Amino acid sequence: MRVLVLGAGVIGVTTAWYLSRAGHEVEVLDRQKGSALEASYANAGEISPGYASPWAAPGIPLKALSWLFSRHAPLILHPAVDPDTVVWMARALANCNPSSYEINKARMVRIAEYSRDLLKALRAETAITYDERMLGTLQIFRTQVQLDEASRDCRVLERHGVRHDILDQAGCIAVEPGLAPVQHKIIGGLRLPGDETGDCLKFTRSLAAMAADAGVVFRHGVTVKALQVDATRVTGVLTSEGMIMADAFVLALGSSSPLVAREIGIYLPIAPVKGYSITLPVLNEDVAPRSTIMDETYKVAVTRLGDRIRAAGTAELAGYDMTLSPRRVRTIRHVVRDLFPDAGMVDYADAWCGLRPMTPDGTPVLGGCRYGNMWINTGHGTLGWTMACGSARITADLISGRSPDIDMDGLSIARYGEPDRPV
């Protein structure tokens with residue numbers, strides 16, 4: 001079958017890889033000059049099934065109000081929001097309750113654990129390298145309230161058999177010795193030893209090269225203008241280089257996915273949520289992070305990538321504006337300076353921002369839609385790197401007529417009232 005994948009970020013490239021391995025003829029389109037040049041370019045670098053959690057959580061509405069007056073707020077809402085963003089926010093608020101949180105987190109962990117296992121298998125099969133480390137994630141808590149609230153996440157982790165440990169201050173320092181000089185700022189942490197880290201850009205470009213060697217065609221610098229449809233099928237894609245035909249189509253355009261989908265009558269409740277990161281070289285190994293530290297107070301992840309430190313975080317609802325805000329960058333710099341003050345020269349770090357495709361419940365949208373030959377693989381929010389292999393394999397299995405290896409309940413567009421198959 002000839003399959004056209006729209007998008008060459010980590011989601012699109014992994015989808016192309018698994019489709020090719022399943023025996024399909026695959027072509028990938030992307031508007032950028034190369035793979036992984038948007039949200040996959042400089043993300044947090046963490047592969048964190050254990051930390052997979054929706055932003056819509058109990059207590060977030062009150063926290064959001066307090067963040068309005070915070071100098072280093074993890075969530076920023078611009079006053080001039082469009083109607084789609086207002087609807088998205090209302091849906092997100094509706095998920096800020098204990099019951100919805102546990103359902104959504106369980107769905108996310110299900111995909112993320114499966115994806116991490118597939119990544120291990122892919123690594124063994126291909127010997128792909130990407131500054132990978134298998135040293136886990138440490139979520140640090142600065143207050144007793146944060147530590148107490150971690151029990152909610154632990155219940156979900158226990159139900160899914162995810163290894164985890166609640167650590168005291170000394171336990172955190174044993175795992176991440178670089179935190180020793182600032183241990184007085186930490187009261188405890190949640191350790192997730194099964195999590196991994198790695199450079200998403202390096203991974204995606206290496207896998208794209210392997211996929212190309214296997215016969216996948218990549219067409220960069222090609223903009224998707226519109227999908228052409230009849231009553232039940234997509235008939236082609238109108239691009240900047242003309243009409244392109246295929247037997248099946250995969251929508252993996254990240255935050256641009258809802259813009260393309262709405263033109264053919266599909267509503268994808270995905271908001272472009274801007275995140276920021278900085279990258280700096282390690283200058284002092286003894287006081288640098290070994291793996292990923294997630295600062296629960298600022299919602300910023302600090303990750304070790306080879307001889308570099310990558311710190312990423314904040315969630316800014318500003319539509320499709322790609323302005324690099326100095327104020328948001330200062331928040332990221334503040335966290336690195338606060339936790340690892342002597343690890344590197346924070347003031348000279350490279351800054352970046354990208355748009356994460358976020359659903360209101362945190363779970364991505366996977367599976368079919370009202371058009372029988374189009375498949376959706378988008379809406380991963382901050383966890384595209386974590387969920388990439390699993391989401392891609394699910395998509396390839398569905399297109400190939402096979403049942404996915406994990407339960408698909410609650411993962412398709414049907415949870416938003418849209419049909420996930422032709423009516």
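Me: Happy to look at this predicted model with you! Rings of Phe, Tyr and Trp (its six-membered ring) pair if their centres lie within 6.5 Å. Which residues do ring pairs link into a cluster?

Reply: By this rule the model has 4 aromatic pairs. Ring pairs join three residues into a cluster: Tyr130, Phe203 and Trp385.

Me: Nice. Is the pair of Tyr130 and Phe203 stacked or edge-to-face?

Reply: Planes under 30 degrees apart count as stacked and over 60 as edge-to-face. The ring centres of Tyr130 and Phe203 are 5.3 Å apart and the planes stand at 85°, so the pair is edge-to-face.

Me: Is Phe203 buried or exposed?

Reply: Buried means under 20% relative accessible area. Phe203 has 0% relative accessibility, so Phe203 counts as buried.

Me: Where does the largest nonpolar core lie?

Reply: This core has 60 residues, and Phe203 is one of those that touch the most other members, with Tyr18, Leu19 and Val28. Both domain 1 (2-41 + 201-266 + 362-416) and domain 2 (46-98 + 132-196 + 271-358) give residues to the core, so its place is between domain 1 and domain 2.

Me: Last one: what kind of pair do Tyr41 and Trp352 form?

Reply: Tyr41, at 35% relative accessibility, is partly exposed, whereas Trp352, at 16%, is buried. Their ring centres are 6.5 Å apart with planes at 40°, so the pair is tilted.

Terms used. Residues numbered from 1 in each chain as written. Predicted model: local features only at pLDDT ≥ 70, side-chain atom pairs only at ≥ 80, totals over all residues. Heavy atoms only, no water. Core = buried A, V, L, I, M, F, W, Y, C linked by side-chain atoms within 4.5 Å. Buried < 20%, exposed > 50% of the residue type's maximum accessible area, 1.4 Å probe, protein only. Domains from an automatic or database assignment.
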